[in-house]
Amino acid sequence: MTSEQDAIDTAVGAVISAVRAGDTAGLYESVMPPAGGRTPPAEAGQWFGQLLIRLALAAAESCALEPGCSREALVQWIADVLGPPPTPALIRGVDPARIDHVTATTAAADHARYVAYTVDLMRVGLAAPGDDVDQQMIDAHQAATNDKTARINVIALLARLAGTPSRRG
C-alpha cells in the first residue's frame with residue numbers, strides 16, 4: 001500500500017468517526033489532503049475524488065443490499081437509514097427570523113441533489129460483477145468532486161451511511 005492509500009484509509013476512518021460524533025470541525029479537518037491548503041488544485045481534486053469513491057465503497061459495504069440491486073432499492077435503503085428529507089418548512093423552522101422561504105426551498109433542493117449524488121456514488125460499490133460504471137455515476141462523482149459545498153455534504157452523507165452496521169454478514 002502506498003502512503004497516499006494509507007492517508008486515504010486514515011481519512012475515511014476519521015471522516016466516519018467525525019460524522020458519527022457530530023464533530024463538524026473534525027469532519028472538515030479529516031477531509032483535507034495531507035499537505036492541507038498547500039496542496040496544488042489538481043492534486044486536491046484527485047484527493048477528494050478518491051476520498052469520495054472510498055467512502056462510497058465503505059457505505060456500499062455497510063449497505064444491507066446485495067451487489068446488482070436496483071437503484072430504487074438503494075434509494076429506499078438510504079431513505080430508511082437517513083430518514084425523511086428535510087422540507088422547506090422544517091428548515092425554516094430552525095431559525096425563521098434568519099431563513100426565508102426561498103433559502104429553505106433551495107436548501108431542501110440541494111439536499112435532494114446531494115442524496116442523488118450519494119446514490120449514484122454508492123452504486124459503484126454495489127455494481128454487479130462485470131457491470132460498467134455508467135454516465136450517471138461519473139457525473140455524480142464529477143459534480144461532488146468539483147463543487148465544494150456538494151463535496152462536504154456528500155462526504156458527510158456517505159460517512160453516515162458507512163457508519164451503519166452492515167446487515168450483509
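## How the helices cross

Author: Helix 4 and helix 8 are roughly perpendicular to each other. Bear in mind that this is a predicted model.

Reader: Why are helix 4 and helix 8 called roughly perpendicular to each other?

Author: The axes of helix 4 (residues 71-82) and helix 8 (residues 148-162) cross at roughly 85°. Angles of 65 to 115 degrees count as roughly perpendicular, and therefore the label applies to this pair. The two axes come within 10 Å.

Reader: Which residues make that contact of helix 4 and helix 8?

Author: Helix 4 brings Trp77, Ile78, Val81 and Leu82, while helix 8 brings Leu157, Arg160 and Leu161. They divide into six nonpolar, no polar and one charged; Arg counts as charged.

Reader: What makes helix 1 roughly perpendicular to helix 8?

Author: Once more, the angle decides. The axes of helix 1 (residues 3-21) and helix 8 cross at roughly 85° and come within 9 Å. With 65 to 115 degrees as the range, helix 1 is therefore roughly perpendicular to helix 8. Val15, Ile16 and Val19 of helix 1 meet Ile155, Ala156, Ala159, Arg160 and Ala162 of helix 8, a set of seven nonpolar, no polar and one charged.

Reader: Why is helix 6 called oblique to helix 7?

Author: The axes of helix 6 (residues 101-125) and helix 7 (residues 135-146) come within 8 Å and cross at roughly 120°. Roughly perpendicular ends at 115 and roughly antiparallel needs over 145, so helix 6 is oblique to helix 7. The crossing is left-handed. Tyr117, Asp120, Leu121, Arg123 and Val124 of helix 6 touch Gln136, Met137, Ala140, His141, Ala143 and Ala144 of helix 7. These residues divide into seven nonpolar, two polar and two charged.

Reader: How do you know that Arg151 lies over the face of Phe48?

Author: Arg151 is at 4.0 Å from the ring centre of Phe48 and lies over its face; the distance limit is within 6 Å.

How values were computed. Residues are numbered from 1 along each chain as its sequence is written. This is a predicted model: local features need pLDDT of at least 70, side-chain atom pairs count only at pLDDT 80 or more; totals for chains, interfaces and linings use all residues. Side-chain values use heavy atoms; hydrogens and water are left out. Axes are lines fitted to C-alpha atoms, for helices over the stretch in contact, and angles run from 0 to 180 degrees between N-to-C directions. Helices (H or I, at least four residues) and strands (E, at least two) are DSSP runs, numbered from the N terminus. Angles under 35 degrees count as roughly parallel, over 145 as roughly antiparallel, 65 to 115 as roughly perpendicular and the rest as oblique. A crossing is left-handed if the near helix is turned anticlockwise from the far one by less than a right angle, and right-handed if clockwise. Contact means heavy atoms within 4.5 Å. A charge sits over a ring if NZ of Lys or CZ of Arg is within 6 Å of the ring centre and within 35 degrees of the ring normal.
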